[in-house]
Amino acid sequence: MSDLKVVTNYINGKWVSPSSGKLLDIENPSTGEVIGQVELSGAAEADLAVDAAKAAFGPWSNTPLPQRVSYLYALRGLLLENQEEISRTLSAEMGKSLPDSRAEMKRVLQNIEAACGMPILQHGDKMIGSAAGIDGEVIRLPLGVFAAITPFNFPAMAPFWFIPYALATGNTFILKPSEQVPLTMALVSEYIDRIGLPAGVFNLVNGDKAAAEALVANPDVKGVSFVGKSSTCRVVASACVAAGKRHQAMGSAK
């Protein structure tokens, strides 16, 4: 057991262990072999990540958009160079075939590439003469801290439906991956650490329901993206509506 990789949190640019001391075994579902352990966080660690992301939001949102996107170009390069290692990690912890894992990594790269177009995608709109003597203008501005809670079946792709777009648009971000498959995003977070993002812009919190509920409940989180079963989607959506948060709650994928 002592030789197993232990997955911890990435908060405010540092690897941080939670105070609970709780560990969950990570199993290869194809073999039943224990291939690692994950430290389970609770509300304290979730709130710590929110505080870090909130503090980073001001400077990050004021960073010129092309500079924000330059970090994504760097990340794409690193993930492209190391996609085989990530694919094999994904296959081992999730159980899908290696060709499927490689295909999932292609979608990760494609989402980063799409987000790199944000200098064009984030353009506002003007409508001259929308009514008598009235002109209209739409400007798209970052809002603050966003969080995503993602499922076991796409350990890499589901997080990258959200991460690159949040960062490119000037928001800061917290990811809570499924505790069943934490190794993939822990590895990806090592590469995110290497691109030199300012501390707190991206954060990784590993845990179970307690960490997820804390992220949804924290008033400094402006929006939540959730992918999972429909019954949980309804809970997340209801909580976000009650708190006036933006949300995406995507269920019934099968």
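Let's start with Lys 54, which is partly exposed, with a relative accessibility of 47%. Keep in mind that we're looking at a predicted model here. So who is the partner of Lys 54 in a salt bridge? That's Asp 220, and the N to O distance between the two side chains is 3.3 Å.

Lys 54 belongs to helix α1, residues 43-61, while Asp 220 lies in the loop between α8 (209-217) and β11 (221-227).

Now, on to another pair: Lys 96 and Glu 104. Their closest N and O atoms are 2.7 Å apart, and they form a salt bridge. Are these two buried or exposed? Both Lys 96 and Glu 104 are buried.

Next up, Lys 176 and Glu 179, again a salt bridge, with 3.3 Å between the closest N and O atoms. The two partners fall into separate classes here. Lys 176 has a relative accessible area of 4%, which is under 20%, so this residue counts as buried. Glu 179, at 23%, is above that cut-off and therefore partly exposed.

We also have a network of salt bridges, and which residues does it link? Glu 84, Arg 88 and Arg 102.

And for the overall tally, searching the whole structure turns up 10 salt bridges.

Note on methods. Residues are numbered from 1 along each chain as its sequence is written. This is a predicted model: local features need pLDDT of at least 70, side-chain atom pairs count only at pLDDT 80 or more; totals for chains, interfaces and linings use all residues. Side-chain values use heavy atoms; hydrogens and water are left out. A salt bridge is a side-chain nitrogen of Lys or Arg within 4 Å of a carboxyl oxygen of Asp or Glu. Helices (H or I, at least four residues) and strands (E, at least two) are DSSP runs, numbered from the N terminus. Buried means under 20% relative accessible area, exposed over 50%, partly exposed in between (1.4 Å probe, protein chains only).
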